[in-house]
Amino acid sequence: MEFVDVLDENGEKTGIIKERSLAKKDKDYTLGVHVWIQNSKGEILLQKRSMEKHSFAGMWDTTGGRARAKESSKESMQRELKEELGIEISASDLQFLFRFPAQKNSKPMFLDVYFLKKDIDLKTLTLQKEEVEDVCYVPLSIVKKWYLENPNFVKQPYFMDVLKRLENTYEC
């Protein structure tokens, strides 16, 4: 059983902790985390979600998940990277980009979005089979094309904001 912090309409913790499925059922605000990993070639690390997933099974996405109760956003992101891909990083490796408001999301969930500049050898990854089926590096221009045209790509509502930011700032 997984527990989450319930947030208020401004994204602040209320002090209430609920079992994740109950928070979802009650449409409580919760916190999600995502990270965009870019290598020195300017490519983005994408992962294909496992066919065992309840949502977006078999679709391409960035690494992410749900913050657990009493975890900070960065701690959640570190945990998700370790669980899903076997990547261990320090909190200082993560660059916070922005918090995407729940009011613009399709779910009552705030999303903290991070950037990680790191060369990761895909052969060294340990994929969590329940979560991740495959991984690959994709040039930023192709990520944008996939987002716009590929029906097997998760359409996160904040993706275009990150793509614009990376096109203007981070791409080598």
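This is a predicted model: local features need pLDDT of at least 70, side-chain atom pairs count only at pLDDT 80 or more; totals for chains, interfaces and linings use all residues.
1. At 29% relative accessibility, glutamate 83 counts as partly exposed. Glutamate 83 forms a salt bridge with arginine 79, and the closest N and O atoms of the pair are 3.3 Å apart. The two residues are four places apart in helix α2, so about one helical turn separates them.

2. A search of the whole structure finds 14 salt bridges.

3. Lysine 145 and glutamate 149 are joined by a salt bridge, with 2.8 Å between the closest N and O atoms. Both residues lie in helix α3, four residues apart, or about one turn of the helix. Lysine 145 counts as partly exposed, at 41% relative accessibility, whereas glutamate 149, at 54%, counts as exposed.

4. Another salt bridge brings together the side chains of aspartate 28 and lysine 18, at 2.6 Å from N to O. This pair links distant parts of the chain: aspartate 28 is in the loop between α1 (20–25) and β3 (30–38), while lysine 18 is in strand β2, ten residues apart. Both aspartate 28 and lysine 18 are buried.

5. Strand β2 (residues 13–19) also holds isoleucine 17. At 38% relative accessibility, isoleucine 17 counts as partly exposed. Together with Met1 and Phe3, Ile17 forms a nonpolar patch on the surface, and the accessible area of the three residues is about 350 Å² together.

6. Beyond residues up to four places away in sequence, tryptophan 36 touches several others, among them Ile44, Val113, Val143, Tyr158, Val162 and Leu166.

7. Arginine 49 deserves attention. It is found in strand β4 and is buried, with a relative accessible area of 14%. A polar atom of the arginine 49 side chain lies 2.8 Å from the backbone oxygen of serine 55. The backbone oxygen of phenylalanine 56 lies 3.3 Å from a polar atom of the arginine 49 side chain. Residues up to four places away in sequence set aside, arginine 49 also touches others, including Asp61, Glu131, Glu133 and Val154. Arginine 49 and leucine 97 are 48 residues apart in sequence, and their C-alpha atoms are 23 Å apart in space.

8. Serine 50 is found in the loop between β4 (43–49) and β5 (60–61). Serine 50 counts as buried, with 3% relative accessibility. The side chain of serine 50 reaches the backbone nitrogen of glutamate 52 at 2.9 Å. Leaving aside neighbours within four places in sequence, serine 50 is in contact with Ala57, Gly58, Lys129, Glu130, Glu131, Val132 and Glu133.

9. Phenylalanine 56 has a positive phi, near 60 degrees; it is found in the loop between β4 and β5 and counts as partly exposed, at 36% relative accessibility. Lysine 70 has a positive phi of about 70 degrees. Lysine 70 lies in the loop between β6 (63–66) and α2 (73–85) and counts as exposed, at 69% relative accessibility.

10. A last point concerns lysine 123, which lies in the loop between β8 and β9. At 79% relative accessibility, lysine 123 counts as exposed. Lysine 123 and valine 135 are twelve residues apart in sequence and 9.9 Å apart in space, C-alpha to C-alpha.

Note on methods:
Residues are numbered from 1 along each chain as its sequence is written. Side-chain values use heavy atoms; hydrogens and water are left out. Buried means under 20% relative accessible area, exposed over 50%, partly exposed in between (1.4 Å probe, protein chains only). A polar contact is a pair of N or O atoms within 3.5 Å; within protein, one must be able to donate a hydrogen and the other to accept it, and residues adjacent in sequence count only if both atoms are side-chain atoms. Contact means heavy atoms within 4.5 Å. Patches are made of residues with over 30% relative accessible area and no salt bridge: like charges are joined within 9 Å, nonpolar side chains (Val, Leu, Ile, Met, Phe, Trp, Tyr) within 5 Å. Accessible areas come from the Shrake-Rupley method with a 1.4 Å probe; for residues, only the protein chains shown count as cover. A salt bridge is a side-chain nitrogen of Lys or Arg within 4 Å of a carboxyl oxygen of Asp or Glu.
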